[in-house]
Amino acid sequence: MSRALPKYNKRRVGIIGGAAAVALSGAIVAGSALAGETSNNNTTTQATTKAAVATVNCPAVANRLPAIPASAQAEVTRNLALLDTQIAEANKRIVDTQGQGGPNFIANAITGPLKDKRVATINRIATAIGRTAAKPVGLDALAPCTLNGAAAAPAATPPQQAGGNNGNAGNTGNTGNNGNAGNAGNAGNAGNNGGAGTISCPDVASKLPAIPASAQAEVTRNLALLNTQIAEANTRLVNTQGQGGANFVQNAIVGPLQGKRESTIERIAISIGRTAAKPTGLNSLAACTFSK
């Protein structure tokens, strides 16, 4: 009898141990299944989130440059780094402004201004090289950027010119003088904008030095373009009334306008600087204000 007990106990321990092992295995399998489901769900969520954010894709500039003179190396390097910074800032803005504006918001408020900044930066690179070597041409073609990802937006829709604004074309005739560029004439648009507000920008022509004859045509053309840019911005105020949030005008109209003006003003300075002292500090005239 005493010998039979140990065998019975062994069988009982074996049965209990086996049952426990089966239960534990089942728990592990169930736990693994649940863990796998959670992981897959998280992965899917993360993939969806990432797919919803586009990124900016811009042509490389450094590999399209000719040999860089030693005297221009520092300035070229600094501006190449600035091009990278501009792309990083644009990508950050895409993330920070998700859901804002309409279908053209990214093109109008991010990639459009980015192109203008790149034009100005690339022009500075070409100018730096051109001081002591042949100035590279055609680099402006590298300024436009595209979007990668599902959130890629359509190209910006050119603003429709309001019928009453056509009279601004007459301002071009004033740009031959170093007096007012005629920006004040755009204030006349306010009467037709239905309370949308107006954009006012500092005058550029009156801040210019004497313009060399060789640069006169290019300067006149770009001064006229500054007027056109203001007129287009004021037209967009009317056409987009009620769109976007509180920062829509700043992000989609005033900000892009400043980027365009920086590029245009830089071209004016460069054209004068080819045969005379290049004017400095003109970029401070690029910023504009919005008033109701």
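Reader: What should I know before I start?
Author: The model is predicted, so local features need pLDDT of at least 70, side-chain atom pairs count only at pLDDT 80 or more, and totals for chains, interfaces and linings use all residues. Residues are numbered from 1 along each chain as its sequence is written, and side-chain values use heavy atoms, with hydrogens and water left out.

Reader: How many helices and strands are there in the protein chain?
Author: The chain has 5 helices and 4 strands. These are DSSP runs, numbered from the N terminus: helices are H or I with at least four residues, strands are E with at least two.

Reader: And which pattern does the chain follow?
Author: Along the sequence it reads α-β-α-α-β-β-α-α-β.

Reader: New topic. How many disulfides are there?
Author: The count is 2. A disulfide here is a pair of cysteine sulfur atoms within 2.5 Å.

Reader: Which cysteines pair up with C58 and C201?
Author: C58 bonds to C145, with sulfur atoms 2.0 Å apart. C58 lies in the loop between β1 (55-57) and α2 (73-96), and C145 in the loop between α3 (105-130) and β2 (146-148), so this pair ties together parts 87 residues apart in sequence. C201 bonds to C288, S to S 2.1 Å.

Reader: Why is the C58 and C145 disulfide called right-handed?
Author: Because the torsion about its S-S bond is about 110°.

Reader: Are C201 and C288 buried or exposed?
Author: Both are buried. Buried means under 20% relative accessible area, exposed over 50%, partly exposed in between (1.4 Å probe, protein chains only).
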